[in-house]
Amino acid sequence: MDDEPLKDWAERRDAKIGRLRAVPVVSGDGPRASHLHPDAPRVIERWNGHDWEPYGFAANLAEAKAILHPEVNEPTPTGPVPKLLGSGTGKHRKPQSPTTDGGGPAQR
């Protein structure tokens with residue numbers, strides 16, 4: 001058998017410690033998907049390596065997303081935008097024809 005070494009498995013499991021998830025608080029055994037109940041309150045749970053434990057509370061899906069993904073809510077830097085394209089003609093551009101007098105195609 002090609003079993004995974006225990007060390008690799010433990011590293012993969014430990015990498016998930018601290019992960020957060022939002023679980024809607026709805027009654028019954030129905031589906032608990034976030035898109036079905038966007039206005040329902042959420043319990044924020046944290047993975048401790050063995051079980052999901054209560055971590056926080058959110059009033060709705062939007063607030064839960066702000067807790068789970070805080071990097072999305074950070075303001076974008078307001079500075080000069082770097083130039084993404086360098087100089088050159090690029091393969092997709094039509095090549096320029098050489099001109100002798102600047103007014104048309106070159107004569108041979």
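In the predicted model, strand S2, comprising residues 42-47, is joined to strand S3 by 6 bridges, and the two strands run antiparallel. Within this pairing, Val-43 is positioned opposite Phe-57 of S3. Strands S2 and S3 belong to an open sheet of 3 strands, arranged in the order S1-S2-S3 with antiparallel pairing. The edges of the sheet are formed by strand S1 (20-24) and strand S3 (52-58), each of which pairs on one side only. On average, neighbouring strands of the sheet are turned by 35 degrees against each other, direction being ignored. In general, the strands of a sheet pair through backbone hydrogen bonds, in either a parallel or an antiparallel manner.

The sheet is set within a protein chain that contains 3 helices and 3 strands. Along the sequence, these elements follow the pattern α-β-β-β-α-α.

Of the 108 residues of the protein chain, 10% count as buried, where buried denotes a relative accessible area under 20%. Among contacts in the protein chain with a separation of 6 or more, 28% are accounted for by residues 24 or more positions apart.

Notes: Residues numbered from 1 in each chain as written. Predicted model: local features only at pLDDT ≥ 70, side-chain atom pairs only at ≥ 80, totals over all residues. Heavy atoms only, no water. Pairing = 2+ DSSP bridges. Helix = DSSP H or I, 4+ residues; strand = E, 2+ residues; numbered from the N terminus. Axes fitted to C-alpha atoms, helices over the stretch in contact; angles between N-to-C directions. Buried < 20%, exposed > 50% of the residue type's maximum accessible area, 1.4 Å probe, protein only. Contact = heavy atoms within 4.5 Å.
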